[in-house]
Amino acid sequence: MKRILIIEDEIAIAELEKDYLELSGFEVEVETTGDLGLDRALKENFELVILDLMLPNVDGFEICKRIRQEKNIPVIMVSAKKDDIDKIRGLGMGADDYITKPFSPSELVARVKAHLARYERLIGSGKKENEIIEIRGLKIDKTARRVFVNGEEKIFTTKEFDLLTFLAENPNHVFTKEELFRDIWDMESIGDIATVTVHIKKIREKIEFNTSKPQYIETIWGVGYRFKI
Ligand code: CA
């Protein structure tokens, strides 16, 4: 469940926001002073903060600034005065949204959901996972260009890696040596289709348990090779 912190000194407003957000499935905590609110915002894991501007002890300006320095979470700032909102915007406080009191609680909920969805998209695209091909005990990490056999890393040259990855990405497809040479080596490369045979042999020595009975790269006599899955 997503956790939201409300920092608001007007209890009635805080309770109203809390009720609506809880009805929408959020876990909500309330702090009524700036110092306690700031402390919890920094120390605990909240997915979003709803922040009143005028607060006892530490005001919303300072809290917003501190959260921005340490956390990557949406902050929705709330103020009773339209003028204040304009002022905050002008200062570029770094809040994600501004709402003027009085506001409808359902509008607040809608904005909370929109900001959480936006952050999820941002964070999701930021930590993209490595592209990995996994077939039985063989694991090819395309992003890191590393190969593991039953958990043990095997060192591959560039062309060995390219050839293995190409075959593994096109399983059960028979390729001739000519096709493989054309796809993996460019036309100006020195060498011929015997290069393919040599590379297949080297790859097998690294990934196969028994190279005379290969379980991954199969020789199709008179034609070429096929990656079995
Ligand atoms: Ca206030």
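How many residues lie between β11 and β12 in their hairpin, and which turn residue has a positive phi? I opened the notebook with this point, working on a predicted model. I found 3 residues between the two strands. The residue with the positive phi is Gly 222, at about 80°.

Entry: I traced an open sheet of 3 strands, ordered β10-β12-β11, with antiparallel pairing. I then noted the edges: β10 (174-176) and β11 (217-220) each have a single partner strand, so one side of each is left without a neighbour in the sheet. From one strand to the next, I recorded an average twist of 30°.

**Entry: strand pairing.** I looked up the bridges on each side of β12 (residues 224-227). Between β10 and β12 I noted 3 bridges, the two strands running antiparallel. Within this pair, Phe 175 has Tyr 225 of β12 as its bridge partner. Between β11 and β12 I noted 4 bridges, again with antiparallel strands. Here I found Ile 217 opposite Phe 227 of β12.

**Entry: helices on the sheet.** I next asked which helix touches β10, β11 and β12. Helix α6 (residues 158-169) does so, packing on the sheet with its direction at about 65° to that of β12. I also followed helix α7 (residues 177-184), which lies across β10 and β12. The angle I recorded between α7 and β10 is about 80°.

**Entry: the largest nonpolar core.** I listed 26 residues in the largest nonpolar core. The members that touch the most others are Leu 138, Leu 164, Ile 207, Ile 217 and Phe 227. Two or more residues come from each of β6 (132-135), β7 (138-141), β8 (146-149), α6, α7, α8 (193-207) and β12. Helix α6 gives the most, with 6 residues.

**Entry: contacts of Leu 138.** I examined Leu 138 individually, leaving out residues up to four places away in sequence. Its contacts are Ile 133, Val 147, Phe 148, Val 149, Leu 164, Ile 207, Tyr 216 and Phe 227.

Key. Residues are numbered from 1 along each chain as its sequence is written. This is a predicted model: local features need pLDDT of at least 70, side-chain atom pairs count only at pLDDT 80 or more; totals for chains, interfaces and linings use all residues. Side-chain values use heavy atoms; hydrogens and water are left out. Two strands pair if DSSP finds at least two bridges between them. Axes are lines fitted to C-alpha atoms, for helices over the stretch in contact, and angles run from 0 to 180 degrees between N-to-C directions. Contact means heavy atoms within 4.5 Å. A nonpolar core is a set of buried Ala, Val, Leu, Ile, Met, Phe, Trp, Tyr and Cys residues joined through side-chain atoms within 4.5 Å. Buried means under 20% relative accessible area, exposed over 50%, partly exposed in between (1.4 Å probe, protein chains only).
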